[in-house]
Structure formats: C-alpha cells, structure tokens
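Subject: Structure handover

Hello,

Here is the structure I promised you. Please open it first, then read my notes below.

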Amino acid sequence: MLLEATEAAHSATQAVLGLPRGPYFKMAEEIGGHTLGYFMPELIVCFTLCLMLLVDVSDKLRSPRNLLSLAFVGMLAPLLLILGKWGTALFIYPDWGNLAQAAHFFKDHGYVEVAGASMLAFDGFANFFKIFALASGLITLAMLHYDRSLPRKSFGEMLTLVLGSVLGMMLLASSTNLLMAYLSIELMSLASFVLVAFKRSDRKGTEGALKYMLFGAVSSGVMIYGISLLYGMAGTLDIALMGQRLRDVNDPLAIGLALLMVTVGFGYKMSIAPAHFWAPDAYEGAPTPVTAFLSVASKAAGFAGFIRFMDAMAFQSTGNALPIINWVSFVAVLGALTMTIGNLTALWQRNAKRMLAYSSIAHAGYLLIGVAAVAVGGELGGDSGRAIADMGASATAFYMIAYCIMNFGAFAVVMAVAHETGSEEMSAFDGLAKRNMGLAVMMTILLLSLVGIPPTFGFLGKMNLFIAGLEAAQAGYPIMAVLLVVAAVNTAISCYYYFRFLRAMFIAPGEPALVSRPLIVSNTGWLLVGGSALLTVGLFLWGSLFTAPTDEATMLRRTPAPAAAEAQDASKGHAGHGH
Amino acid sequence: MLLTLTIFTPLLFALICLFVRDLRTVKLLTLTGTLLTFFLSLGLILPLGSRGSMTSLAQECEDTGKIGSLLADLRGNPETRNTSYTENLAREVEVMQRASQSEYSSSLHHIEFVPWIKSFNVNYFLGVDGLGVALIVLTTFLCLVSLGAAWNMDKSLDHHTHKPKYQGMRAFFILYLILETGIIGVFCSMDYLLFYVFWEVVLLPMYFLVGIWGGPRRIYAAIKFFIYTLAGSLLMFIAMLYYYLATDGGHGGTFNVVALTELLPRHFALAPTAGALCFIGLFVAFAVKVPVWPFHTWLPDAHVEAPTPISMLLAGILLKMGGYGLFRFSYMFMPQQAYDMTTVVLVLGSISIVYGAYCALGQTDFKRMVAYSSVSHMGYVLLGMAAMTKLGLIGASFQMINHGISSPMMFALVGVIYERAHHRDLNRFGGIANQMPKYAGMALVGFFASIGLPGLNGFISEALVFFGAFQSNLGNAGDGAWWMVWTSVRFWTVICTLGIVLTAAYLLWGYQRVFYGKMKDPHYKDFKDLNATEWATLVPLAIFCVVLGIFPQLGIKYLDGPMRVLQNNMARHVPEFARQIEEDRLENLNRPAGKEIAMLNGVYTK
C-alpha cells in the first residue's frame, strides 16, 4: 500500500511539474453514458457494507477476523482505485452547456478524462478527501482490532457502521449539490451516533451520544431550512450554479441568514465554536477508536463540504448584492474563537481523552486559517485570488494529513495506557516513562507534532497554514494577520496542556506499585503508535512528499477559474433557458 | 562535511547510548562524543586562519557543481526544463551568485548546500563565519567542561533521605548530547528554516533536563522557560514566513540567509511598516533568549532550578543564541529598522545592565545572584550593538564569548559549594576560605573575571563596549536640543557605568559573605576541598579567563570580520548611518593627536 501511495505521489509530482499526463484523451461523448465507473469506489464500499450484514448473520463466518478482513478489503480496494484514477478524473458542472466544448478546453489544459455528472464531482479535491476518509477508516479498523474493551460479539455491527460513515464522508467530499451534501451528512452522522453509544452499558457513552444526536438533529434542521431558503432564491440546488444565480438576488439579509444556517450544519461536523458543545462529551464517552475516527475523518469531511460550499458562495466583491455574511471576517472570527475556546478549555481537563477532544476543537480552529485564505481568494477573484484560495485549500488538506497521523497516534497511546491501567485520566500517565520508555518517547513526538514544533510533520503543516494565511493577509486583509497572531498565542498556550503529558510521563513519580510493572503493548499497538510517530518525523524529513498531492487536490478544483469566461457565458445562457 | 560531522557527532553518540544499559559506559561514550566534537570544531578554525584554503559561497556554487550540474541536468531534459522547480533552483543559484560577490558570503566557510524541501525552497545550507566558529567552539568546549559537573551527579545523595538524588542519569546524558547537536546547528545554519528547526530542537532537551533533574520548583521553571521561548520563537516564525513571501518572485520565496540579507533591506525600504513589525517580532524572539529586561523573568527560575551542568550550558550558550540571532538576523535583515530603533535597544540594554545588577545585589540565594548577573552582563551586548561602532560591536560579540566562559565558571563554583552545604543561602555561609583554600582561589578568578578586573577576560569586552558606545554619535549627541540628549548612546553609556559599580558591589559582597568572616555552621568544618572532576571543570575555564584577558586578540581576530560585515551592511542600506561613519572617520583624523597616535602605534607594533 505504501508502495502504491509512493507511486501515486510520484505521478502526482510529475503532474505538478507539468509533465504530460497521458497519451490519450477521451471525448466527453465517449464516456458520456458510462460515468458509473467513477462511482465505483463508493459502490464497492456500499457492496461491502451489505455483504458485511449478510456475513454477520452467519454463525460460521462471523469471526472478528473475517469481518475485519472483509472491511479491510472493502476500504483498501476503493482507495487503490482512486489512487489509480489520480490526476485523471474530472467533473464538469452540468449546466455549463456544451460538454464537448468544455472537454476540448480541458484537453488543452492537460486533463486526460472528462466526465460529467450532476450530483457528484470526481475532481482531485474530492479524490483527496475520499482517500483521506478511506485511509482514516483503515486506521480505525486497526484501532478497533487493538481495542480489547469492545464487545467482540457485535463487531460486525460496528464495522458496518464505520463503513457507512466512511461512505457518507466520501459522498460529502464529492457533493456538488446541497441536497446530496445534506444526505451525506445525515448518513455519516447517523452511523456515528450509534458508534458513540456502542458500549450500551456505559453511561458516559450514552450521554455523549444523546448530546451528539440532539445537536445533530437541531443543526441539520437548521441546515435544511437554510438550504430551502437558498433554493427558493436561486431555483437550483447545484452549488456552483447557486453561487452564480445568487449574485442577481438583491436580498442580503435573506441570503446572509440562509448561508449562516447552512454553515451551522457544516460547522457542527467540523466541531467549530460555537457548534462544538457536543464534541467533548461525545469524544469522551465514545470508545477510543471511534473518538479518533470522529475527530479526524468526520471533521475532514465537514471541512471538505464547507470549503466546496463556501468557495462557490464567495462572491461579495463581484456581486451587486451584498450579503450580510462577509466570509473572510466570519471564518476568521470563527477560527480565532474556536482555537481559543478549545485551548483554554483543554487547560483545565483531567481526562486525557477529553483533553485531546478539546485539542481537536483547537485544531479545527487552526484549519480554519486555511479556509479563511480560501475565502480571501474567493473574494478577491481573478488569478491572484485563485492562487490564494488554492494555497488555502492545499494548506488545509496538508494539515489534515498531519493531524490525521498525529491524532490517531495520540489516541492509540491513550488506548495502550488505558488497557493496562483501566483509566483514561491524566493520572494514568504518571511515571509512564519508567513503565515503557518507547511508548513515552513516541507520545512525546506526537505531542510535539500537535503543538507544531520541529522536527515533526505537524510543524510543516502549521507552516503551510501560516504561509497561506500570511499570503492572504498581504493581499489586504489585516484580519488574517490578527488571526495568525491569535494562532501563534494559542500554540504557546496549547504547549502548556500538551506538556502536562510530558510532565506526567517523565517527571511525575507515579504509584510505586504501578511503576515497577512494565506496560506491555501488543504488536498492533506498536504498529499504530510507532508507525504514526515515525511517520511524523519521517514526513518532516521528507517534507515534499505530500505537497504535490495536496496541491493537485486543489489544482483540479481550480477548473472554474481558467474556464471562467466560457463557463459563465455558458451558464448564463443556460440559466436564461431555465427560467 | 566538517560542519555536518560536528553537528551530528553528538547525536550519533546519543543514539549509541540509547542501546547501552550501563551508566558508566554511557558516561564514557558521552565524554568521547563531546571530546570528538570539540576536536572537530577546532578543525573549523583552520581555514579561517589560513586564507588560502578558504572556499567562498560563489566558488562552492561553481566549483563543486552540486547545484550547477543538477540545474544543467534539469535544463537538459525537455520534460523538466520549464518546471517551477527548475526555475526555483535557477533563481536560487542566481541570487547566491549575486550575493556571493558580497562581503558577507565571502566571509562564510565550510559551506554545505543540499536541496531539502523542494516545494518551499528549503535547503540544508550550512556555513560559518568568525562569529559562528567562535560560538561553536565555545559550545563544544563548554559541553565538554560541563560534563565534569555532571560526572558525579548519580553519586550525589539527597540531604534528607540519603538516597541517590538524581535518577535515570542515562537519559540525562542522551538528552545532553541531543542538546549539543541542536545548539551547534543553530550557530551554523544558513537557511532560516533550518535555523528555526535547530532553535526549537534545543528547547525540548532543555525542558527535560531542567524538569526532571532540577531543584524543587523545577516543573514550574521548565514549563515557564519553554513557554516564554516558544512564544518568542512563534513571533520569529511569523516573521520568517513573511520573509519567505516577501521574496516570492512567483515561484516561492527563499529561506536562504545570504539571499535574504541581500533582498530584504531593499524590500523593507518599500514596506517600512512591515519592516518595523518584523523587526519587533524578531527582536522579542531573541530578547527573550538573551534575556533582555522585561523578558528576563524566566531566567532566574530556570537557572536556579537547573542542575549545575545545565545551568552552565544555559548561561554559557543558550543566552548566546539570542545574541547571535540579533547579530545575524535582526541587524542583517533589517538594518534600517535597527537603525531607527537604536534608542529602544539602547534603553532596554541599559535597563538590563543596571536593573540586573541591582537585583543581583538584593539576592540571598547564591545561584540567583549569579543568574541575575547574567541579565546584567548580557545587557552589554545590547549596548555595544546599539552603538554600532566598530569597537562597540567587537566588544559586544566578544562579551558573548567572555560571558560564556565566566558565567559557567560562576555556576560551577556555586555547584561546588551547594554539593557540600545543600543550601545556597549567602547569609548562612562564611569562612569557607580557611576550609577550602583551593576553592577560594578558583573562585577568586571567576568572581574577578565577572567583575571585569583588568587582566581577565571580562575587562576587555566591557571596556571595548564602553569605548565603542561612548564613541558613537548615534542618537542626539549634543547637536540637537539639550533635552533630547536622552536618546543618545553616550548618555546611556554614562548611565551604564553604574552597572560596573553595582557589579563590583554584589560580587565582592557575595565573595566576602561566602569565604570570609566567621564560619556560621560547624558542619562546614567537614568540607573537603575540590575533587578531581571539579578541578577538571574549573581549571579549563579559569585558564580561558586568564588567556583571553591577556591575549584578547585570540578571540577578537575571528569577530573582527563578521562585525565589519555587519557595519558595512548597515552603512550600505542606511544612508544616514553611512554619512555618520564617514564624518566620524574624518573627525578622528583631524583630531590633533590622531595622527601621532597612529604613528606611535605603528612604531610600537613594528
């Protein structure tokens, strides 16, 4: 798998370097009727999900081992499929008129295949987040395998739910239609509600799941109301088209309100303040693998959906109407708020998982720096705006990879400790260095990465975000500079609570009876912890590895920009027909 | 290659130590590692002495062909010819070639250049000039010497429980070696991102070394040290990224320090506000490390709580990282802003000198007194730097070296007595000189070097700073309204002389309280005089105090070049400063005694 990934990264690098992508080009008509191939990864996940339910019924087949391998294959296969398609697939918005004409345009720009669909985009951006969801799903499988506290009997249900959730994330990453986006969010949410409450006897879990669900119900209600308002004004649910049509609607209050409502729905998935209240309880109550899965994959999917949505809706400076939402200030303020609340609250936590939950809220805040840069780019428009927006999106994607690695690793350490001590409190970490030096050192590396201190991958991620933010600030948005300073201060604050782990592990004496007993970590545990820690350092040293793929992710999303003139003409023409 | 070896030898030994269980072997390995590193660093001096074998940046670029051939390959291949990476590299080479005509780059030696993170144009770019070499040698020397203070730490018993006081000493030596790698890396990185990486790498071992093996309030001290420095370095981080974007010509900017020195002054001439903000950010980052009042409050805590060898390294080298940063980055990248902020730097430096000394006077804890003396002594670095005269700059950089020798010696002396008395209260000592005459003798050297007694190293640098600062015409030096005189360097130089008086006061008073008078505790009768490892720690330091006091040229000859580069760089980008230098030169020539003195000097040196 690593080889595959390396190869894919290599070919992506080639693509970024401007090398020819392939010798052939299919006309849109040729593949026009056969776009189902692009949907294959999702279909495989869906199929595996159904198969899993069937296997789970049979007493003979339903060993955890079988179920795990089934789920593993069911996620690895689509991942490889998408990697194989990397840099070739592309989506064209349906309302751009003549598909063939557009296809010629993209041929000139070096794309190999062009396909059209109306609900889903199969562009690099979607591919990136799909791979991300699948990879997180695979890591979650390993963590579920590692977690001994889970009831083995109901393993099948658990894996089915994870698969369902991953499917929702994949769909959300490619949704170009608000209804589709809404349905995907519901799909992943419903699965995760159950996942959180999986230990039925556990009061904390049930409480967390209840809060999670209530919040989910409210925010998706608000979101669907916002969507209906937008539909009423634009007459379409297609995101790109909606963005263009809303320019002609002269009702800033209604548009602003509707956009705000939809943002609530995404914000809940991203767990950004003030829609974050569910997160700590759900994260603390859920089984640790689920917590890691939610805090990484589900958040990433939320960001993917939000970026696509916001990117299409950022039209303030060009439209005649001025909606009340100024995306840049809005996202920047949300970001500053989220990271500050996350970090300040984390300072007071005594439970390791809860602390990491708040830290994950803070990280959502850092990620919003990249999103704010996307907003700046959208507002500026033109080539320079596009460049900034791409930088922002690529930085967000890049940080997401770093965050995925370090967060899964940190949760794996919490699990390893909880296995032996039966406790997820900070005090369980006391004297860990004496019990297992290797684990303590790995945790140190992961924590450094979470703070963003070199030599770790988290540092490069943060650097990417800061570069994007500064570029946006230089384009004449002082609020971005303020956001960066707030982020810097927050990083210093965060170091205090992350270092409580270090203090506990290396400095605190710990209970003598416990400390004398070595802490044993199983092979899967070492694979998870050691793998993520080594990756954190290794990817720092090989810093360019993921830059190319994340850039690629945004390069393909860039499609509307070079085609802007043509596309607008085409869409206007079409819109005229439509009304 | 030599620089890479010097940086990573300690790390290599740290890795070996990871697999060794026996503490004694680990100790010996650490000793071997630091000794080897020390000799390697001595090798760095050689090409500076013999100018024949020096390789400049330009030569390195063209001769070794590392980049050149890579670029040729990329250009030769039709597939890679027009890629952004090729263009980046071409631009980098162009900038380096342009920059290599500058004085700055020809003062760099032992250059190593390997592309690293291509998407951000980050390179593994190392090089040293005289200042870097002096600080690297100081580092390797101190790491070797401080080992003496760490050698018997595992045998030292707790005063009350009579159990070993320090546990897990294996990890101590491993972290010690990692720390050394980080510090050497800081002093020779010529890529700003690489510098930042090493800068942060230093923090974590330090956190553990203070936090695990420190005194009673170690946890508080360690995290305070960490957060202060991290907050400062984050400001530097933002400034660094700004530089990267500011030099962006369409294909990403650069982190190359030589290129930045060329490009940034010109950029900031057009963007003065950004320049001022960047200068403040960088200044705060380095001021925390120096430490300058009012960013100094972490220092007394960290120094007091740290174990003796770590206090020695903290005072000896870590503070110099701040001074080095100011010289190498703040003043080189933003000469105009540095010139504009002369008064701010000056006032902060002066306050550090006087306030640090005043606080030291009030301490009853021996170690705390020494810690505050560091604040005071590092203030001279700022004073000399703000003056921007040749003598002032050389004095300032030489003060870094000298403080790097005398202050570790003071901490080693404190360690000796603390090991025996288990307290550091100045008022409870007395009469130690009778009991431990050899110790008292060594202490005399350390104390007087700190005071700045002629013949010892501290005197030379402080005198140079004062001469240089009083020479300086920066600020209002008598040709403006009289009430603006407080902006002048000369005014503050006079104020700073107060620091000398206070320094003499607290050190002599401290010496008196510890060594003379009546013995206040009968236990002191049992104290043994210096043992072998303590001799091994103190004697090399004392020798350097004397040698550099009598032959200061040994150190100054390496600092002369870099400081001239610094001054010329400012003169090149700040017209007012260039005018002032020219005026000063003429004025000096026209002084009645000027020519005669020059002649006499010529006679005597012949």
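A salt bridge here is a side-chain nitrogen of Lys or Arg within 4 Å of a carboxyl oxygen of Asp or Glu. By that rule, the interface of chain B and chain A has zero salt bridges. Please keep in mind that this is a predicted model.

**The interface**

What does hold the contact surface, then, in terms of residues and area? On the chain B side, 34 residues are in contact with 35 residues of chain A. The two chains bury about 3200 Å² between them. Of that area, 83% is on carbon and sulfur atoms. B:Phe120, B:Ile238 and B:Leu245 supply 17% of what chain B buries against chain A, more than any other three residues.

Three elements of chain B each supply at least two residues to the side that touches chain A: β1 (109-117), α9 (192-213) and α10 (218-246). α10(B) gives the most, with 14 residues. By class, that side of chain B has 26 nonpolar, three polar and five charged residues.

**The two chains**

Chain A has 579 residues, and 62% of them count as buried. It has 24 helices and two strands. Take its contacts between residues at least 6 apart in sequence: 82% join residues at least 24 apart.

Chain B has 606 residues, with 63% buried. Its secondary structure comes to 26 helices and two strands. For contacts in chain B with a separation of 6 or more, residues 24 or more positions apart account for 79%.

**The core**

The largest nonpolar core has 411 residues. A:Phe429, A:Phe499, B:Tyr192 and B:Tyr243 touch the most other members. Helix α16 (residues 382-421) of chain A gives the most to this core, with 23 residues.

Which residues is A:Phe429 in contact with, leaving aside neighbours within four places in sequence? The list is A:Ala352, A:Val413, A:Val414, A:Val417, A:Met443, A:Phe501, A:Ala504 and A:Met505.

Look at helix α12 (residues 278-285) of chain A. Eight of its eight residues are buried. Among them are A:Trp278, A:Tyr283, A:Asp281 and A:Glu284. The cover over the buried residues of α12(A) includes α8 (178-196), α9 (203-234), α11 (252-270), α13 (288-313) and α15 (352-380) of chain A. A:Asp281 and A:Glu284 also belong to a network of salt bridges, linked with A:Lys204, A:Glu207, A:Lys211 and A:Arg354.

Then go to A:Ser494, in helix α20 (residues 478-507) of chain A. Is A:Ser494 buried or exposed? A:Ser494 has a relative accessible area of 1%, so it counts as buried. Not counting residues up to four places away in sequence, A:Ser494 touches A:Asn343, A:Tyr366 and A:Val451.

Over all chains, a search of the whole structure finds 17 salt bridges. Side chains of opposite charge can pair when their charged atoms come close.

- B:Arg328 and B:Asp129: the closest N and O atoms are 2.7 Å apart. B:Arg328 lies in helix α14 (residues 308-333) of chain B, and B:Asp129 in the loop between β2 (122-128) and α7 (130-151), so the pair ties together parts 199 residues apart in sequence. B:Arg328 is buried at 4% relative accessible area, and B:Asp129 is buried at 2%.
- B:Lys224 and B:Asp301: the closest N and O atoms are 2.9 Å apart. B:Lys224 is in helix α10 of chain B and B:Asp301 in helix α13 (residues 298-305), so this pair ties together parts 77 residues apart in sequence. B:Lys224 counts as buried at 15% relative accessibility, and B:Asp301 is buried at 6%.
- B:Arg424 and B:Asp365: their side chains meet at 3.1 Å, N to O. B:Arg424 is in the loop between α18 (390-421) and α19 (432-435) of chain B, B:Asp365 in the loop between α16 (342-362) and α17 (366-387), 59 residues apart. Both B:Arg424 and B:Asp365 are buried.

Best wishes

Definitions and conventions:
Residues numbered from 1 in each chain as written. Chains lettered and ligands numbered in written order. Predicted model: local features only at pLDDT ≥ 70, side-chain atom pairs only at ≥ 80, totals over all residues. Heavy atoms only, no water. Core = buried A, V, L, I, M, F, W, Y, C linked by side-chain atoms within 4.5 Å. Buried < 20%, exposed > 50% of the residue type's maximum accessible area, 1.4 Å probe, protein only. Helix = DSSP H or I, 4+ residues; strand = E, 2+ residues; numbered from the N terminus. Contact = heavy atoms within 4.5 Å. Buried area = accessible area lost by both parts, 1.4 Å probe. Nonpolar A, V, L, I, M, F, W, Y, C, P; charged D, E, K, R; others polar.
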